[in-house]
Amino acid sequence: MSRLIALVVLLFVALAAHAETRAWHFRVYLDDREIGQHRFTLNERGGERELRSEARFEVKLLAFTVYRYEHEATERWRDGCLRSLVSRTDDNGEREAVDWRARGEDCAMSFAYWNPRILQAERLLNTQTGKLVAVNVTAKGEDTIAVRGRAMRAKRYRLDGAQLQIDLWLAGDQWVGLESAVEGGRRLRYELL
């Protein structure tokens with residue numbers, strides 16, 4: 001029996017050694033005012049990936065909260081394809097929930113900024129609404145952006161779609177920044193901590 005237990009422990013240690021966790025923790029700004037944070041945690045084991053996303057934003061005017069946003073999502077990926085998505089969103093009192101599953105051999109992709117394959121995407125699944133969004137990705141050249149308090153050179157890409165304009169920065173294959181146009185001509189900016 002003790003040999004069996006030792007074998008199970010060794011197997012567990014071997015499996016854990018092949019698991020990898022990556023995280024992106026962003027401070028979020030509306031124009032130049034910090035409004036919250038958005039954290040992404042990616043756990044990988046073999047061909048399986050699980051991405052957890054948690055966002056909390058709050059916009060204040062004087063001492064009053066005029067806008068609040070909370071979003072949590074869990075994405076499950078297998079062999080480079082999104083297989084399922086469960087999310088809950090409170091967009092200033094308007095609540096949405098998504099429970100999406102891939103059908104058959106469909107190979108969908110969400111707005112997976114952490115995945116360089118997003119640059120070849122033509123349609124992306126919106127984790128807040130569960131709807132597919134047509135996108136056009138354009139390379140915009142290199143920029144210098146702030147990453148963890150230091151200036152870094154990174155390639156900039158633009159994702160355009162209906163009511164959508166997102167700039168994405170990658171340093172090599174690593175996601176390091178994001179900026180999006182929002183209502184009223186304002187900019188939502190993610191700065192990696």
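User: Quick one to start: does Ser84 count as buried or exposed?
Analyst: Ser84 counts as buried, at 11% relative accessibility. Keep in mind that this is a predicted model.

User: What cut-off makes that buried?
Analyst: Buried means under 20% relative accessible area, and Ser84 comes in at 11%, so it counts as buried.

User: Which strand is Ser84 found in?
Analyst: Ser84 is found in strand β5, which covers residues 81-91.

User: And what does Ser84 touch, leaving out residues up to four places away in sequence?
Analyst: With those left out, Ser84 touches Thr74, Glu75, Arg76, Trp100 and Arg101.

User: Let's zoom out. How many helices and strands does the protein chain have?
Analyst: There is 1 helix, plus 13 strands. Going along the sequence, the pattern is α-β-β-β-β-β-β-β-β-β-β-β-β-β.

User: What's the strand order in the open sheet?
Analyst: The sheet has 11 strands, ordered β6-β5-β4-β3-β2-β1-β13-β12-β11-β10-β9, and the pairing is antiparallel.

User: Which strands stand at the edges?
Analyst: Those are β6 (94-101) and β9 (136-147). Each has a single partner strand, so one side of each is left without a neighbour in the sheet. On average, neighbouring strands of this sheet are turned by 20 degrees against each other, direction ignored.

User: How many bridges join β9 to β10?
Analyst: 11 bridges join β9 to β10 (residues 150-161), and the two run antiparallel. As for who faces whom, Ile145 stands opposite Met152 in β10.

User: Changing topic: which residues make the nonpolar surface patch?
Analyst: Leu61, Leu62, Phe64 and Val66 make it, and the patch is about 490 Å².

User: Take Phe64. Where does it sit, and is it buried or exposed?
Analyst: Phe64 is in strand β4, residues 64-78. Its relative accessible area is 60%. Exposed means over 50%, so Phe64 is exposed.

User: What about the protein chain overall, how much of it counts as buried?
Analyst: Of its 193 residues, 38% count as buried. The accessible surface of the protein chain is about 11900 Å², and carbon and sulfur atoms account for 50% of that.

User: What box do the C-alpha atoms fill?
Analyst: Roughly 65 × 40 × 35 Å, taken along the principal axes.

User: Last one: what share of the contacts with a separation of 6 or more comes from residues 24 or more positions apart?
Analyst: In the protein chain, that share is 36%.

Definitions and conventions:
Residues numbered from 1 in each chain as written. Predicted model: local features only at pLDDT ≥ 70, side-chain atom pairs only at ≥ 80, totals over all residues. Heavy atoms only, no water. Patch = residues over 30% accessible without salt bridge, like charges linked within 9 Å, V, L, I, M, F, W, Y side chains within 5 Å. Areas by Shrake-Rupley, 256 points an atom, 1.4 Å probe, with all protein chains shown as cover. Salt bridge = Lys/Arg side-chain N within 4 Å of Asp/Glu carboxyl O. Helix = DSSP H or I, 4+ residues; strand = E, 2+ residues; numbered from the N terminus. Buried < 20%, exposed > 50% of the residue type's maximum accessible area, 1.4 Å probe, protein only. Pairing = 2+ DSSP bridges. Axes fitted to C-alpha atoms, helices over the stretch in contact; angles between N-to-C directions. Contact = heavy atoms within 4.5 Å.
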